[in-house]
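The sequence and the structure are shown first, and the description follows.

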Amino acid sequence: MPLLFIGIDQNTGDYESPTVWVDQEKQELVFQGWKPDLELEAECAAFEVPGHAVGIPENEAVVRLPARMVPMIREACDAVERSAASVR
């Protein structure tokens with residue numbers, strides 16, 4: 001099943017495109033966003049939570065999205081929940 005496009009940042013310029021999709025088959029939210037600067041990535045990597053390893057695993061990434069995209073993220077959450085409910 002192809003990705004379900006939810007939306008793109010309304011302030012996107014020619015060379016930026018934070019975007020939100022839903023992978024309905026895998027029941028996942030998919031984000032395209034800005035790479036963090038080294039300081040933010042280091043802060044995320046150093047964050048300690050009980051039961052969670054410190055660091056960012058090789059198969060994961062920190063992605064930044066503007067807060068103005070919250071409505072799209074909510075829409076994506078609703079879409080993935082609807083998709084999950086139809087699989088049950």
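The protein carries 7 positive and 16 negative side chains, and the centres of these two sets lie 6 Å apart. The model described here is predicted. The structure holds 1 salt bridge, which is formed by the side chains of Arg68 and Asp9, with 2.6 Å from N to O. Arg68 belongs to the loop between α1 and α2, while Asp9 belongs to the loop between β1 (4-8) and β2 (19-23), so the pair ties together parts that are 59 residues apart in sequence. The two partners can also be described by their accessibility. Arg68 is partly exposed, with a relative accessible area of 36%, whereas Asp9 is buried, with a relative accessible area of 2%.

## Overall architecture

The fold is described next. The protein has 2 helices and 3 strands, and from the N terminus on its elements run β-β-β-α-α. Along the principal axes, the C-alpha trace spans about 40 × 40 × 20 Å. Of the 88 residues of the protein, 18% count as buried. The protein exposes about 6,700 Å², and carbon and sulfur atoms supply 54% of that area. Among contacts between residues at least 6 apart in sequence, 52% join residues at least 24 apart.

## Helix α2 and residue Ala76

Ala76 is found in helix α2, a helix that covers residues 70-87. With a relative accessible area of 0%, Ala76 is buried. Leaving aside neighbours within four places in sequence, Ala76 is in contact with Ile6, Val20, Val22 and Leu29. The ranges of the strands place these partners: β1 covers 4-8 and β2 covers 19-23, and β3 covers 28-32. The C-alpha atoms of Ala76 and Leu40 are 36 residues apart along the chain and are separated by 25 Å.

## The cysteines

Which cysteine sulfur is closest to that of Cys44? The closest is in Cys77, at 19 Å, which is too far for a bond. A disulfide is a covalent bond between the sulfur atoms of two cysteines. Under the cut-off applied here, a pair of cysteine sulfur atoms must lie within 2.5 Å to count as a disulfide, and the count by this rule comes to 0 disulfides. Cys77 is accordingly in no disulfide, the nearest cysteine sulfur being that of Cys44, 19 Å away. Cys44 counts as partly exposed at 33% relative accessibility, and Cys77 counts as partly exposed at 30%.

## The loop between β2 and β3

Gln24 lies in the loop between β2 and β3. Gln24 is partly exposed, with a relative accessible area of 22%. Glu25 counts as exposed at 58% relative accessibility, while Gln27 counts as partly exposed at 28%.

Most residues other than glycine have a negative phi. Gln27 has a positive phi of about 60° although it is not a glycine.

The C-alpha atoms of Gln24 and Cys77 are 53 residues apart along the chain and are separated by 11 Å. For Glu25 and Leu3, 22 residues apart along the chain, the separation of the C-alpha atoms is 8.6 Å.

Beyond its neighbours within four places in sequence, Val63 is in contact with Gln32, Gly33 and Trp34.

## C-alpha separations

The table below gathers the C-alpha separations for four pairs of residues.

| Residue pair | Separation along the chain | C-alpha separation |
|---|---|---|
| Val63 and Gly13 | 50 residues | 18 Å |
| Gln24 and Cys77 | 53 residues | 11 Å |
| Ala76 and Leu40 | 36 residues | 25 Å |
| Glu25 and Leu3 | 22 residues | 8.6 Å |

Methods: Residues numbered from 1 in each chain as written. Predicted model: local features only at pLDDT ≥ 70, side-chain atom pairs only at ≥ 80, totals over all residues. Heavy atoms only, no water. Helix = DSSP H or I, 4+ residues; strand = E, 2+ residues; numbered from the N terminus. Contact = heavy atoms within 4.5 Å. Buried < 20%, exposed > 50% of the residue type's maximum accessible area, 1.4 Å probe, protein only. Areas by Shrake-Rupley, 256 points an atom, 1.4 Å probe, with all protein chains shown as cover. Lys, Arg positive; Asp, Glu negative; His and termini not counted. Charge placed at Lys NZ, Arg CZ, Asp CG, Glu CD. Salt bridge = Lys/Arg side-chain N within 4 Å of Asp/Glu carboxyl O.
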